[in-house]
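Visitor: I am new to this structure and would like to learn how to read its helix contacts and its pockets. Please take me through them step by step.

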Amino acid sequence: MPVLVSFGRSVKNYLENLPTVLGFGLLLFFVFFFMQFSNFFVSSGSVFVFYSLPDSSPVSLGFVALSVGVFLFFYSVFVTLMVFAVRNNLSRVKLQYYLAEKIQKFAFKYFVFLFLLSLFSFLLASAFSAIGIPLGIAFFLLFFVYSALMFVPQVIVVDESSLVDSLKNNLEFASKNFSSVAFVVIIGIALVFALSLIEFVFDYLFFVGNIFSFILAFFFLIPFIETLKTEIYMKKFTLIS
């Protein structure tokens with residue numbers, strides 16, 4: 001099966017780009033920072049933000065928005081570098097030119113996308129909460145939105161298109177490659193489930209499960225998933241396939 005071939009090649013590309021993978025470790029500083037505040041909760045390689053609009057001051061909301069924004073910016077940079085590294089493995093480009101002229105533009109586009117997506121998630125959850133609709137429904141809807149938009153960083157880096165065009169190209173690719181989207185979703189769910197089990201074991205034995213889960217998330221889960229998505233997306237080019 002093509003997706004299984006992509007999975008095998010993704011493991012190879014992940015191992016070949018370990019120096020880039022190690023950069024994700026810098027995001028651990030944000031995790032330790034977030035753990036100092038009651039608005040944030042870290043678990044299973046994820047950061048959860050808790051807020052209450054009626055009870056929150058503008059300063060408190062501003063602090064949360066700024067903290068999340070800075071984290072998303074650096075996250076965007078490392079994801080962009082990972083996608084570019086895999087792209088460069090599969091289709092060589094002028095490395096110095098892209099590092100000097102293109103990477104920051106790709107990263108900024110992806111940052112804007114992530115920030116707007118986070119804002120949409122915030123507004124949707126707030127609206128559902130305000131009118132009494134269970135938040136589970138909002139999370140269910142967001143799951144499909146995030147799944148449908150999962151190839152946006154790949155489109156930005158590989159196609160070098162604008163953010164609007166990247167969204168269009170992503171939806172077009174996802175609609176024509178539903179099996180690939182489903183495959184990535186299944187792999188992602190399986191890895192997150194395994195991460196949760198590992199966190200439980202380490203938390204039970206050593207009381208550091210949440211920290212260890214972030215180490216695995218930043219050094220393996222996130223860069224590997226981005227590698228897998230890039231490998232699958234690059235298949236649309238016949239020379240790569």
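This is a predicted model: local features need pLDDT of at least 70, side-chain atom pairs count only at pLDDT 80 or more; totals for chains, interfaces and linings use all residues.

**Helix contacts and a pocket**

Guide: In α7, the residues Val152, Val155, Ile156 and Asp159 meet Leu163, Ser166, Leu167, Asn169 and Asn170 in α8. Contact means heavy atoms within 4.5 Å. By class, this contact of α7 with α8 has five nonpolar, three polar and one charged residues. Ala, Val, Leu, Ile, Met, Phe, Trp, Tyr, Cys and Pro count as nonpolar, Asp, Glu, Lys and Arg as charged, and the others, Gly among them, as polar.

Visitor: At what angle do helix α7 and helix α8 pack?

Guide: Helices (H or I, at least four residues) are DSSP runs, numbered from the N terminus. Axes are lines fitted to C-alpha atoms, for helices over the stretch in contact, and angles run from 0 to 180 degrees between N-to-C directions. Here α7 (residues 152–159) and α8 (residues 163–176) pack at about 120 degrees, with their axes 9 Å apart. The two helices are therefore oblique to each other; angles under 35 degrees count as roughly parallel, over 145 as roughly antiparallel, 65 to 115 as roughly perpendicular and the rest as oblique.

Visitor: How does α7 pack with α10?

Guide: The angle between α7 and α10 is about 55 degrees, and their axes lie 10 Å apart, so this pair is oblique. Pro153, Gln154, Val155, Val158 and Asp159 in α7 meet Glu226, Lys229, Thr230, Tyr233 and Met234 in α10. That contact has five nonpolar, two polar and three charged residues.

Visitor: Which residues line the second largest pocket?

Guide: On a 1 Å grid over the protein atoms alone, a pocket is an open set of points where a 1.4 Å probe fits, with protein on both sides within 12 Å along at least five of seven lines; lining residues have an atom within 4 Å of a point. In this case the lining consists of Phe143, Phe144, Ser147, Ala148, Ala174, Phe178, Val181, Ala182 and Val185. Both α6 (135–148) and α9 (178–206) supply at least two residues each. By class, the lining has eight nonpolar, one polar and no charged residues.

Visitor: How much space lies in the second largest pocket?

Guide: Grid points are joined across faces, edges and corners, and a volume is the space filled by probe spheres set on the points. For this pocket, the space is about 180 Å³.

Conventions
Residues are numbered from 1 along each chain as its sequence is written. Side-chain values use heavy atoms; hydrogens and water are left out.
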